[in-house]
Amino acid sequence: MSFLSKHKYTLYGVLAILLWSSLTAFIRDLSELFSPIGGAALIYSVSAIFLMLVMGVPRLSNYPKRYLVFGGSLFVIYEMCLALSLGFANSRQQALEMAIINYLWPALTILLSIIVNRTKVSVLVYPSILIAFLGVAWCIAGNSGLSMAVLTANISDNPLPYSMAFAAAFIWAVYCSVTVKLSEGKNAISVFFAATAIALWISYGLSNEPSFEFSLYSSLTLVLAGIVIGGGYALWNQAIIGGNLVLLGTLSYFIPVLSTLFASIYLSISLTSAFWQGVVLVTLGSLMCFMVTRKTKPAQKNK
């Protein structure tokens, strides 16, 4: 018990990472059980309610206005792009491609930081970013071989989810870069989840998607998914209080592997070796970016 008590915040973070790794599978499953927009609206509603029950009902006056408006807008747009890219994918296999594209955000966050802040970093960061992008291309191309013609053909077959997934990766990179200063140490995750749910319900009302047909299985899946996704954020909120953030930050870069593994089992998808190679490349590229930039941080502080 002493070990658990001593490292409980770090364990909260590890559990949060494991819970987040199920997001792709649950969102895709619920989009099939209900509809792409309607399923996303349901899951974010349940998650928002769960977060408010666990973390309390937030007061908007407690948060900086710029954080709520700008940070909240980025969060809502990101979550909508991610959820709908998974839902609008032609197949479960393609949904996993959308998820892998989304995991370009760590490399993009570092690239954006370099461009905006003109940070002096090791030249190794650029091949690291290239490896991450190469991994995504590898996943999309599959066994057909890596070529521009194959990539163009696969993307043009269903361009909307690909566009959303790439947009999500860039938007989350911007969110990570700006909200640290805007938030002033506050965390409005409950507000942002509620706002995302509202935006999705508006989109659902304006769409031609069918009405819901609930069953015992779909209802249980919805509640479980909402609690799992909301629980991941709630646990992470606790983890950053006293957890080993270096360890947790490193572990978080393996979410693409864990997410793909969980989704392949949960959704019964048989993935090719080429896809797994792409996943490993995305993970490796992001992790290399993290390690290279960590080493250069002391020099930046002395500048």
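In the predicted model, helix 3 and helix 14 pack at an angle of about 35°, and their axes lie 7 Å apart. On the side of helix 3, the contact is formed by Thr24, Ala25, Phe26 and Asp29, which meet Ser259, Phe262, Ala263 and Tyr266 in helix 14. Sorted by class, the residues of this contact comprise five nonpolar, two polar and one charged.

Helix 3 also packs against helix 5. Here the angle is about 60° and the axes are 8 Å apart. An angle of this value makes helix 3 oblique to helix 5, and the crossing of the two helices is right-handed. The residues of helix 3 that take part are Leu23, Thr24, Ile27, Arg28 and Ser31, and their partners in helix 5 are Leu82, Ala83, Leu86 and Gly87. Five nonpolar residues, three polar residues and one charged residue make up the contact of helix 3 with helix 5.

The buried residues are Leu23, Thr24, Ala25, Phe26, Ile27, Arg28, Asp29, Leu30 and Ser31.

Side chains of opposite charge can pair when their charged atoms come close. A search of the whole structure finds two salt bridges. One of them joins the side chains of glutamate 32 and arginine 28, with an N to O distance of 2.9 Å. Both residues belong to helix 3, which spans residues 23-33, and they are four residues apart, about one turn of the helix. An α-helix has 3.6 residues a turn, so residues three or four places apart point the same way.

Arginine 92 is partly exposed, with a relative accessible area of 29%. Through shared partners, the salt bridges join Arg28, Glu32 and Arg92 into one network.

Helix 5 (residues 65-88) has a further packing partner in helix 11 (residues 189-206). The two pack at an angle of about 55°, with their axes 9 Å apart. Helix 5 and helix 11 are therefore oblique to each other, and their crossing is right-handed. In helix 5, the residues in contact are Tyr67, Leu68, Gly71, Gly72, Phe75, Val76, Glu79, Met80 and Leu84; in helix 11, they are Ile189, Val191, Phe192, Phe193, Ala195, Thr196, Ala199, Leu200 and Ser203. By class, 13 residues of this contact are nonpolar, four are polar and one is charged.

The backbone was considered as well. Most residues other than glycine have a negative phi, and most peptide bonds are trans. Glutamate 184 is not a glycine, yet it has a positive phi of about 55°. Glutamate 184 is found in the loop between helix 10 (159-183) and helix 11. With a relative accessible area of 61%, glutamate 184 is exposed. Serine 268, likewise not a glycine, has a positive phi of about 55°. The loop that holds serine 268 runs between helix 14 (255-266) and helix 15 (273-302). Serine 268 is exposed, its relative accessible area being 65%.

Finally, tyrosine 9 was located in helix 2 (residues 8-20). At 25% relative accessibility, tyrosine 9 counts as partly exposed. In sequence, tyrosine 9 and threonine 109 are 100 residues apart, while in space they are 25 Å apart, C-alpha to C-alpha.

Notes: Residues numbered from 1 in each chain as written. Predicted model: local features only at pLDDT ≥ 70, side-chain atom pairs only at ≥ 80, totals over all residues. Heavy atoms only, no water. Axes fitted to C-alpha atoms, helices over the stretch in contact; angles between N-to-C directions. Parallel < 35°, antiparallel > 145°, perpendicular 65-115°, else oblique. Left-handed = near helix turned anticlockwise from the far one by under 90°. Contact = heavy atoms within 4.5 Å. Nonpolar A, V, L, I, M, F, W, Y, C, P; charged D, E, K, R; others polar. Buried < 20%, exposed > 50% of the residue type's maximum accessible area, 1.4 Å probe, protein only. Salt bridge = Lys/Arg side-chain N within 4 Å of Asp/Glu carboxyl O.
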